[in-house]
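Thanks for coming, everyone; I would like to walk through one model today, going sheet by sheet and then turning to helices and aromatic rings. Please have the sequence and the coordinates open while I talk.

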Amino acid sequence: MTLDFNHRPTLDAQISSLIDQALTRERASQTPRDYLGASRLGVACERALQYEYTHTPVDDGRDFSGRLLRIFEVGHTLEDLAIRWLRLAGFDLFTRKAQGGQFGFSVAGGRIRGHVDGILNAGPADLGAFGMGYPAIWEFKTMNDKSWRDTVKQGVARSKPVYAAQVAVYQAYMEASVPGVSANPALFTAVNKDTQAIWCELLPFDGGLAQRMSDRAVKVITATDSGESLPRFATTPTHVECKFCAWQQRRWGAAS
């Protein structure tokens, strides 16, 4: 028997693989959501959104990788740090209800739901000059350097329309439980994962956007109930939105 030491796995690769396998098993054991999440309503393709809602299996090789799951967990850790930083800076930030659990909403018989990162109840007085008011939605994201810089350059609405839609829906539906939250701009905070730089932007309530996203959610649910497949976003599978879609083969193959 010949031993091939040239292809022997390194220690770091072996341990990373074990971690990724464990994270993948953990995710597979979790109960999938049985509702349409507000954080996803702004995605470009309604067909893809419908696939998400119905838990349609993704194409081979396009499941969440262990590396991506690690990225998600790092994001959660940075969110905890951002909460600490904002509180130290003088913000009265609530991220959990008194009885436990996140602040959120549930409509359409629980088929449309959303959970906000936090509610700002008060903050440093001098921020009023920038238009900061309370109560306000707080939304947090982490980004790599390229994505973060584009957000800083163009603003959330243009650079990250999915996030803008998410915030607008939160502002609309959280008004019932947090009166006044739609009257004040939401505070969007993004941390650059490469440099730890912080970008903060105020997002005034866009009622038109919130209504369009709410209508879209109803459209997805209604179409799904009736067995209708919603149209694709693009006319070619090489479009950037389709190229990286987890259901590209399904959408453009025989099952389309």
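This is a predicted model: local features need pLDDT of at least 70, side-chain atom pairs count only at pLDDT 80 or more; totals for chains, interfaces and linings use all residues.

Let me begin with an open sheet of 3 strands, in which the order is β1-β4-β3 and the pairing is mixed, where two strands are said to pair if DSSP finds at least two bridges between them. The edge strands here are β1 and β3 (104–107), each of which pairs on one side only.

Residues are numbered from 1 along each chain as its sequence is written, and side-chain values use heavy atoms, with hydrogens and water left out.

Back to the sheet: β1 and β4 run parallel and are joined by 2 bridges, and G37 has R113 in β4 as its bridge partner. Across β3 and β4 lies α6, running at about 80 degrees to β3; such angles run from 0 to 180 degrees between N-to-C directions, with axes fitted as lines to C-alpha atoms, for helices over the stretch in contact, and contact means heavy atoms within 4.5 Å.

Which residues form the aromatic cluster here? They are F105, Y170 and Y173. Of the 4 aromatic pairs in the structure, one is F105 with Y170, an edge-to-face pair at 6.3 Å centre to centre with 70 degrees between the planes. That pair links distant parts of the chain, since F105 sits in strand β3 and Y170 in helix α6, 65 residues apart. F105 counts as buried because its relative accessibility is 7%, and Y170 likewise counts as buried at 2%. The ring centres of F105 and Y173 are 4.8 Å apart and their planes are at 20 degrees, so this pair is stacked. The criterion is ring centres of Phe, Tyr or Trp (its six-membered ring) within 6.5 Å, with planes under 30 degrees apart stacked, over 60 edge-to-face, and the rest tilted. Y173, at 25% relative accessibility, counts as partly exposed; buried is under 20% relative accessible area, exposed is over 50%, and partly exposed is in between, with a 1.4 Å probe and protein chains only.

The other sheet to look at is open as well, with 5 strands in the order β2-β5-β6-β7-β8 and mixed pairing. Its edge strands are β2 (92–94) and β8 (198–203). β2 and β5 (residues 118–122) pair in the antiparallel sense over 3 bridges, with A122 in β5 as the bridge partner of D92. Strand β7 (residues 186–192) is antiparallel to β8 over 6 bridges, and F188 stands opposite E201 in β8. Helix α3 (residues 66–88) lies across β2, β6 (136–143), β7 and β8, at about 135 degrees to β6.

Finally, consider helix α7 (residues 207–225), whose buried residues include L209, M213 and V220. The buried residues of α7 pack against β1 (36–37), α2 (46–54), β4 (112–115) and α6 (161–174), which brings us back to where we began. After α7 comes G227, with a positive phi near 80 degrees.

Conventions:
Helices (H or I, at least four residues) and strands (E, at least two) are DSSP runs, numbered from the N terminus.
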